[in-house]
Amino acid sequence: MKRITVLGSSGSIGRQTLNIVSKMKDNIFIEGLAIGSNVKILKSQIRKFKPAAVSVNNSSDAQNLRKWCVSNNIKTGVYSGNTGLEKLVTMPKADMILIAVVGTIGLKPTIAAIRAKKDIAVANKETLVMAGSYIMKLAAENGVLVLPVDSEHSAIFQCCAGEKKSQIKRIILTASGGPFYKYDKDFSKITAEQALDHPTWKMGKKITIDSATLMNKGLEAIEASVLFGIPIDKVEIAIHPQSVVHSMVEYIDGSVIAQLSNPDMKLPIQYALTYPERLPSNIKPLNLVEINKLEFYKPDFNKFPCLKLAYYTAKKGRTMPAVMNAANEAAVAAFLNKEIKFTDIAKIVEKTVKAHKISENTSLDNFIEADLWSRQYAEKLINEV
Ligand code: MG
């Protein structure tokens, strides 16, 4: 029996995780749940999973929830804010913390969880992009596992099982291409509604916009480089519209190992939860005869400048990826708010990245400082648009 705590349980990954857990009640117990403000979803999750503790963003929500628990005779402890998250990730009985919050707010709880010697399942790529080297070092020092939940990274993880890192020639990260890889009209006229209409995956808003700009793939390339300790120039991207090959690893002898399945997040989530075991799942079996063809294309770095920026910042290293990530978060929020155009996202990120003076210091505070500086700089640029 594994005991897990889910941060971000009301989001897309969080809800899918609980859906899987509800079918594996003999194998997995939900120890804790944390959300931002969607108390309604949390209440139904509390009823269903009876976690030891939960955490919400603000204290008035927590107070109301405490009363609700008492009146429903539920013994779940209720916490709030940063202290609540800290409490949740350090609960002694939990074996694993699944980090499924969106954005850099995942950083501090991830670090607290690693220090408490909890294995980590990461669905929050921003944290690894922002301070990946710091987190991987901390995880190694504390002897905890960092398991990928992203479909591509889960694929790479599976393709690397039992292999030597030094014998990897390159990683081929596949990408669905998002809604615009064949789009030949004016990118500056793309609306939020168009960008939110992803052809293959149903996901949260931030990641869907990142998939449309291909920044998501750029963040994933950096995440792969960090997670597997492979230099960024050995991480290549292939557009693969069928989303059946979730990524591939090529070895020095020329062998290429790929992981395939129908596109369904349930599989990578379940594998992270049950690793190193595999359990039956109810995903649609893969029928390659029915799919008939698998296509692969080179991504167009000029059409999707966010990809170029991701490789540029990854090569520069240190605080650069953190700056790119924070500027992107600010720009995507502004685009969703209809404050800027689709094409302004890359422009704002580029201007912020180019204005940043890289710091040699690799302390955690330094990454946090670079993140804050970037947000402020990007906000200033957004206001000037
Ligand atoms: Mg992905």
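In the predicted model, Glu126, Val129 and Met130 of helix α6 meet Pro321, Ala322, Asn325 and Glu329 of helix α14, where contact means heavy atoms within 4.5 Å. By class, this contact of α6 with α14 has four nonpolar, one polar and two charged residues; Ala, Val, Leu, Ile, Met, Phe, Trp, Tyr, Cys and Pro are counted as nonpolar, Asp, Glu, Lys and Arg as charged, and the others, Gly among them, as polar. Helix α6 spans residues 125-142 and helix α14 residues 320-336, and the two pack at an angle of about 145° with their axes 7 Å apart. Axes are lines fitted to C-alpha atoms, for helices over the stretch in contact, and angles run from 0 to 180 degrees between N-to-C directions. Helices (H or I, at least four residues) and strands (E, at least two) are DSSP runs, numbered from the N terminus.

Helix α14 also packs against helix α16 (residues 364-384), here at an angle of about 35° and with the axes 8 Å apart, and this crossing is right-handed. The residues of α14 that make the contact include Ala322, Val323, Ala326 and Ala327, and among those of α16 are Phe367, Ala370, Trp373 and Ile382. By class, the contact of α14 with α16 has twelve nonpolar, one polar and four charged residues. Ala322 and Glu329 of α14 are listed in the contact with α6 and in the contact with α16.

Residues are numbered from 1 along each chain as its sequence is written. As the model is predicted, local features need pLDDT of at least 70 and side-chain atom pairs count only at pLDDT 80 or more, while totals for chains, interfaces and linings use all residues, and side-chain values use heavy atoms, with hydrogens and water left out.

An open sheet of seven strands has the order β4-β3-β2-β1-β5-β6-β7, with parallel pairing; two strands pair if DSSP finds at least two bridges between them. The edge strands are β4 (77-80) and β7, each of which pairs on one side only, and the twist from one strand to the next averages 25°. Strands β3 and β4 pair in the parallel sense over four bridges, with valine 56 standing opposite serine 80 in β4. Helix α3 (residues 59-71) lies across β3 and β4 and runs at about 175° to β4.

Strand β8 (residues 168-175) pairs with β9 in the parallel sense over five bridges, and the bridge partner of leucine 173 is isoleucine 237 in β9.

The magnesium ion is coordinated by Asp150 (OD), Glu152 (OE) and Glu220 (OE), at 2.1 to 2.6 Å. Donors are N, O and S atoms within 2.8 Å of the metal (3.2 Å for Na, K and Ca), and because water is not among the atoms, sites may look incomplete. Along the chain, the donors follow the spacing D-x1-E-x67-E. Distant parts of the chain are linked in this way, with aspartate 150 in the loop between β7 (146-148) and α7 and glutamate 220 in helix α10 (residues 215-228), 70 residues apart. Aspartate 150 counts as buried at 11% relative accessibility, as does glutamate 220 at 1%; buried means under 20% relative accessible area, exposed over 50%, and partly exposed in between (1.4 Å probe, protein chains only).

Several backbone features were located in loops. A cis peptide bond, with omega of about 5°, joins tyrosine 275 and proline 276, and proline 276 lies in the loop between α11 (266-274) and α12 (288-291). Lysine 50, although not a glycine, has a positive phi of about 45° and is found in the loop between α2 (39-49) and β3 (53-56). Asparagine 292, likewise not a glycine, has a positive phi of about 70°; this residue is found in the loop between α12 and α13 (305-316) and is exposed, with a relative accessible area of 65%.

Definitions and conventions:
Left-handed = near helix turned anticlockwise from the far one by under 90°.
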